[in-house]
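Hi everyone, thanks for coming. Please take a look at the sequence and the structure on the screen, and then I'll walk you through them.

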Amino acid sequence: MPKLWNETIEAHRREVREAILDATAALVAEHGLRAVTMSQIAEGTGIGRATLYKYFSDVEAILGAWHERQVGHHLHQLSQVRDEAADPGARLEAVLTAYALMTSSRAGHDADVAAYLHHGPHVAHAHEHLHRLISDLIAEAAVSGDLRADTDPGELATYCLHALSAARSLPSEAAVRRLVQFTLAGLRNPG
């Protein structure tokens, strides 16, 4: 087959896959995880069930792929935020703030969906990537003198991630931003 034909077919497959993920997410948000069927997804996507089954074996597989896509988008956003800040301390603060706001925006999501989605290798890989990103930023800021250098950056990254998980239960963006400042205070040089 000519190269252009292969590229067109691959582009079409990506578009169908993305449409399946988007339709599934919308249906789950509207009806709940346990109420969504492959027939509804096929109808919502505008494809036949047989075509849907060529892409995914069941609703759970679709949700897993959707979540993996979301996590990838979030990691990309955090990398962009990091790259936009000027100095090490500003990069760390920008990433922690963006992460805390993302965490806060997930509050109120369906507990069944969240429990199902937050397991599996893609979540572990994403957490490792996030931990490494924050650890590297902490190490960079410690070298510049902005932060304490008496504690392993990996331990401090773990502290940050656990502290910022509290953003899920905070009532406002202002409260989330205060949490980030309290977290950063724990990273500053003692004395």
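Predicted model: local features only at pLDDT ≥ 70, side-chain atom pairs only at ≥ 80, totals over all residues.

Residues are numbered from 1 along each chain as its sequence is written, and side-chain values use heavy atoms, with hydrogens and water left out.

So, the overall picture. The protein chain has nine helices and zero strands; helices here are DSSP runs of H or I with at least four residues, strands are E runs of at least two, and both are numbered from the N terminus. Of its 191 residues, 36% are buried, where buried means under 20% relative accessible area, exposed over 50%, and partly exposed in between, with a 1.4 Å probe and protein chains only. As for contacts (heavy atoms within 4.5 Å), among those between residues at least 6 apart in sequence, 66% join residues at least 24 apart.

Now please find helix 8, residues 153–164. How far apart are its end C-alpha atoms? They are 16 Å apart, which agrees with the 16 Å that 12 residues should span at 1.5 Å a residue; that expected span is 1.5 Å times one less than the number of residues. The buried residues of helix 8 are Gly154, Leu156, Ala157, Cys160, Leu161 and Leu164. Seen down the helix axis, they fall within an arc of 160°, so they line one face of helix 8; the arc is taken from the directions from the helix axis to the C-beta atoms. Some background: an α-helix has 3.6 residues a turn, so residues three or four places apart point the same way.

What covers that buried side? The cover includes helix 5 (88–105), helix 7 (121–143) and helix 9 (173–185). On the face turned away from it, helix 8 carries the exposed residues Glu155 and His162.

Helix 5 brings us to our two residues. Met102 sits in helix 5 and counts as buried because its relative accessibility is 12%. Not counting residues up to four places away in sequence, Met102 touches His74, Gln77 and Leu78.

Arg91 is also found in helix 5. Is Arg91 buried or exposed? Arg91 is buried, with a relative accessible area of 15%. Leaving aside neighbours within four places in sequence, its contacts are Arg82, Ala85, Ala86, Leu137 and Glu140.
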